[in-house]
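Subject: Structure for your review

Dear colleague,

Please find below the structure that I am handing over to you. My findings follow directly after it.

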Amino acid sequence: QVQLVESGGGLVQTGGSLRLSCAASGSTFSIDAMGWYRQSPGERRELVAIILSGGSRNVADSAQGRFTISRDNAKNTVNLQMTNLKPEDTAVYYCHALIGTSVGRRYQYWGQGTQVTVSS
């Protein structure tokens, strides 16, 4: 089993910054990807940013130029630095990990979610 523990989030004014962190623990044999998704009330969960084991990144258009994703492979952590936040960034942010096993299977895991609220 794998546990994803998130930290960060909270309430910030428009234009402010927040940093989200997520640490993976447990049976982390091979972390193939880690990243962040978000979900607003009544909306589908959407990708914010993801970073692969080789270092390549995929960042949503809405986050380009404002959000930076980074990963510490030694600590099994992923961080999301969010700047110039907008009210439309308000959502529950979920950490996500795609983890491989020693027998070649892959499983995805989710954190419990952390609320980000941007006031106008």
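In this predicted model, the side chains of Glu46 and Arg38 form a salt bridge, with an N to O distance of 2.7 Å.

Through shared partners, salt bridges unite Arg38, Glu46, Arg66 and Asp89 in one network.

The count of salt bridges comes to four. One of them pairs Asp32 with Arg106, whose closest N and O atoms are 2.8 Å apart. Here too the link spans distant parts of the chain, from Asp32 in strand S4 (residues 30-39) to Arg106 in strand S10 (residues 106-110), 74 residues apart. Asp32 has a relative accessible area of 15% and is therefore buried, the limit being under 20%. Arg106, by contrast, is exposed, with a relative accessible area of 55%.

The angle about the S-S bond is -85 degrees, and the link is left-handed. Cys22 lies in strand S3 (residues 18-26) and Cys95 in strand S9 (residues 91-100), 73 residues apart. Cys22 is buried at 1% relative accessibility, and Cys95 is buried at 0%.

Turning to the strands, four of them make an open sheet in the order S1-S3-S8-S7, with antiparallel pairing. Strand S1 (2-7) and strand S7 (67-72) are at the edges and have a single partner strand each, so one side of each lacks a neighbour in the sheet. From one strand to the next, the twist averages 15 degrees.

S7 is joined to strand S8 (residues 77-82) by six bridges, and the two run antiparallel. Within this pairing, Ser70 stands opposite Asn79 in S8. Asn79 is buried, with a relative accessible area of 13%, and its side chain makes a polar contact of 2.7 Å with the side chain of Ser21. Leaving aside residues up to four places away in sequence, Asn79 touches Arg19, Leu20, Ser21, Trp36, Thr68, Ile69 and Ser70.

Yours sincerely

Key. Residues are numbered from 1 along each chain as its sequence is written. This is a predicted model: local features need pLDDT of at least 70, side-chain atom pairs count only at pLDDT 80 or more; totals for chains, interfaces and linings use all residues. Side-chain values use heavy atoms; hydrogens and water are left out. Two strands pair if DSSP finds at least two bridges between them. Helices (H or I, at least four residues) and strands (E, at least two) are DSSP runs, numbered from the N terminus. Axes are lines fitted to C-alpha atoms, for helices over the stretch in contact, and angles run from 0 to 180 degrees between N-to-C directions. Buried means under 20% relative accessible area, exposed over 50%, partly exposed in between (1.4 Å probe, protein chains only). A polar contact is a pair of N or O atoms within 3.5 Å; within protein, one must be able to donate a hydrogen and the other to accept it, and residues adjacent in sequence count only if both atoms are side-chain atoms. Contact means heavy atoms within 4.5 Å. A disulfide is a pair of cysteine sulfur atoms within 2.5 Å.
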